[in-house]
Amino acid sequence: MTINEAISLRILQLCKENNITINKLANLAGIPQSTLNDIVHGKSKNPTVKTIYYVCFGLGISMKDFFDSELFSDVTDED
């Protein structure tokens, strides 16, 4: 799995756990919904650390909590 796929799946996983939509998360994070949609649907090939930080802020978690998932244990750099 690529890092981008893992990030996408983690965002979807956290939205499900928090019972919120991608749109709601974008509002909570203060980022455009299109940015989050591009990440989740694989259109963004390089989501920035700052964007992930805002996602974490919107979810009320730390970046450590975001990346503390089995999804990130076997990532590759291949796209």
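The model is predicted: local features need pLDDT of at least 70, side-chain atom pairs count only at pLDDT 80 or more, and totals for chains, interfaces and linings use all residues. Residues are numbered from 1 along each chain as its sequence is written, and side-chain values use heavy atoms, with hydrogens and water left out.

**Exercise 1.** Determine which residues of helix α3 are buried and where they lie on the helix.

*Solution.* Helices are DSSP runs (H or I) of at least four residues, numbered from the N terminus. Buried means under 20% relative accessible area, exposed over 50%, and partly exposed in between, with a 1.4 Å probe and protein chains only.

Step two is to list the residues: in α3, residues 33–40, the buried ones are Leu 36, Ile 39 and Val 40. Step three is to look down the axis of α3: these buried residues fall within an arc of 95° (taken from the directions from the helix axis to the C-beta atoms), so they line one face of the helix.

Step four is to find their partners. The buried residues of α3 pack against α1 (3–17), α2 (22–29) and α4 (49–59), where contact means heavy atoms within 4.5 Å. After α3 comes Gly 42, with a positive phi near 75°.

**Exercise 2.** Describe how α1 and α3 pack, and state which residues make the contact.

*Solution.* Two packed helices are described by the angle between their axes and the distance between the axes. Axes are lines fitted to C-alpha atoms, for helices over the stretch in contact, and angles run from 0 to 180 degrees between N-to-C directions.

For α1 and α3, the angle is about 120° and the axes are 8 Å apart. The two helices are therefore oblique to each other; angles under 35 degrees count as roughly parallel, over 145 as roughly antiparallel, 65 to 115 as roughly perpendicular and the rest as oblique. On the α1 side, Ile 7, Ser 8, Ile 11 and Leu 12 make the contact, and on the α3 side Leu 36, Ile 39 and Val 40.

**Exercise 3.** Find the buried residues of α4 and the exposed residues on its other face.

*Solution.* First, the buried residues of α4 are Thr 51, Ile 52, Val 55, Cys 56, Gly 58 and Leu 59. Seen down the axis of α4, they fall within an arc of 160°, so they line one face of the helix. Next, what covers them includes α1, α2, α3 and α5. The face turned away from the buried side carries the exposed residues Val 49, Lys 50 and Phe 57. Finally, Gly 60 follows α4, and its phi is positive, near 75°.

**Exercise 4.** Is Ser 69 buried or exposed, and is Asn 19 buried or exposed?

*Solution.* Ser 69 lies in the segment after α5 (63–67). Its relative accessibility is 17%, so Ser 69 counts as buried. Leaving aside neighbours within four places in sequence, Ser 69 is in contact with Arg 10 and Gln 13.

Asn 19 is placed in the loop between α1 and α2. At 72% relative accessibility, Asn 19 counts as exposed. Although Asn 19 is not a glycine, its phi is positive, at about 55°.
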